[in-house]
Amino acid sequence: MADEIILRVTRYRPEQSPLPFHEDFAVPFRNDMMVLDALAYVKDHMDGSLAFRWSCRMGICGSCGASVEGTPRLTCSTFLHEIRKPIVRVGPLGHFPVIKDLVVDMDDFMRKLQQVMPWIIRESEKPLERGEYSQLPEQVELYRQQSLCINCMICYAGCPVYGLEPEFIGPAALALAYRYNVDTRDHGSKERLARLIGRTGLWECTYVGECSVVCPKNVDPAGAIQRLKAPGAIQAIQILLPPILRR
Amino acid sequence: MPSTWWLRNPRYFLYMLREVTSIFVYLYALAFVVQFLLLADRGLFDAFRVLFTSSVFRAFTGVVLVMAVVHAITWWSLNAGVFRIRLRGRTLPPAALFAGGMLAWIVVSGLVYLLVFRGF
Ligand code: FES
């Protein structure tokens with residue numbers, strides 16, 4: 001590849017212009033360079049006003065998500081040479097309001113995350129001196145994959161349903177709901193499911209499957225959502241039954 | 001989102017294709033059910049059979065077959081990852097479930113064919 005690549009960045013500065021625009025930066029190319037490295041180069045050497053989020057630089061914190069060549073990805077885990085193009089387009093994650101340049105507003109996601117109660121709910125706690133709540137390896141295996149979610153919101157940017165219906169709870173939050181519902185230490189699955197079987201929950205997902213394709217941690221939110229649909233349907237039917245017939 | 005969002009990436013397109021193929025399968029099933037309902041009226045049934053054996057309907061059946069195959073392949077390739085079936089302490093890999101699902105679909109289709117068209 002050439003010694004230089006053009007980084008075509010979508011800029012948005014509401015205080016200067018109401019519309020986003022593209023700006024090209026010629027960045028020296030190295031084979032071991034990530035997209036995030038190129039953005040950092042621009043910020044350090046060319047335009048200090050470029051705004052983007054990052055922290056760990058190793059695919060752990062989930063803060064560096066952006067649209068790279070139209071696909072939502074972690075910029076710290078995407079090699080420039082993988083893209084194989086002289087001009088690399090980088091923009092903010094789709095489906096989210098943009099605050100500035102590549103920085104998007106996460107409030108909606110945070111609200112939805114809380115909505116599914118992503119924590120262990122216990123009917124009663126045992127005293128500390130009785131030790132931890134132990135689990136067998138196969139019980140951990142039930143939720144291990146979904147517990148790897150880093151809240152990077154890349155699945156939301158890939159999900160066309162969320163783009164069309166912003167009230168949809170969305171892939172990551174539903175995957176986390178699944179993660180806690182199958183955790184043997186949790187007693188809150190009914191309460192959690194009750195929040196998912198409404199108009200904006202499970203049934204909004206039409207199983208496009210893109211969330212699982214773009215997820216950088218192989219969390220498979222689409223699969224988790226489909227697995228929630230059977231218990232969700234049972235609970236929805238039970239609500240219609242007279243109380244004496246409900247389990 | 002623009003109404004052409006599904007043209008943005010090949011996987012969105014494949015999703016739309018899967019959804020569209022289900023319409024053809026639905027139409028064929030509808031025609032099949034209507035045929036059963038018409039069994040009560042011999043005259044109507046015969047008229048419908050003429051329609052069912054016409055070259056236009058045969059062509060439609062061919063299209064439905066292609067659509068059903070596309071639907072089955074895309075459906076199973078997606079859903080194979082959803083089911084968690086454990087066998088001898090191990091979760092079956094999606095590829096095995098895909099193969100099993102396709103095989104089950106072919107076997108059931110064969111049985112339906114024998115039952116309906118050969119009356120075995
Ligand atoms: S910087 Fe932390 S995941 Fe990319």
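**View 1. Trp6(B) lies partly exposed in a predicted model.** Trp6(B) has a relative accessible area of 25%, so it counts as partly exposed (buried is under 20%, exposed over 50%, partly exposed in between; 1.4 Å probe, protein chains only). The model is predicted: local features need pLDDT of at least 70, side-chain atom pairs count only at pLDDT 80 or more, and totals for chains, interfaces and linings use all residues. Residues are numbered from 1 along each chain as its sequence is written, chains are lettered from A and ligands numbered from 1 in the order written, and side-chain values use heavy atoms, without hydrogens and water.

**View 2. Aromatic pairs in chain B.** Over all chains, the structure holds 14 aromatic pairs (Phe, Tyr or six-membered Trp rings with centres within 6.5 Å; planes under 30 degrees apart are stacked, over 60 edge-to-face, the rest tilted). Trp6(B) and Phe13(B) are stacked, because their ring centres are 6.1 Å apart and their planes lie at 20°. Phe13(B) is partly exposed at 40% relative accessibility. Trp75(B) and Trp76(B) pair edge-to-face, with centres 5.1 Å apart and planes at 85°. Trp75(B) is partly exposed, at 33%.

**View 3. An aromatic cluster in chain A.** Ring pairs join Phe96(A), Phe109(A), Tyr156(A) and Tyr162(A) into a cluster.

**View 4. Arginine charges over tyrosine rings.** Arg122(A) places its charged end over the ring of Tyr133(A), 4.0 Å from the ring centre (NZ of Lys or CZ of Arg within 6 Å of the centre and within 35 degrees of the ring normal). The charged end of Arg18(B) sits over the ring of Tyr207(A), 6.0 Å from its centre.
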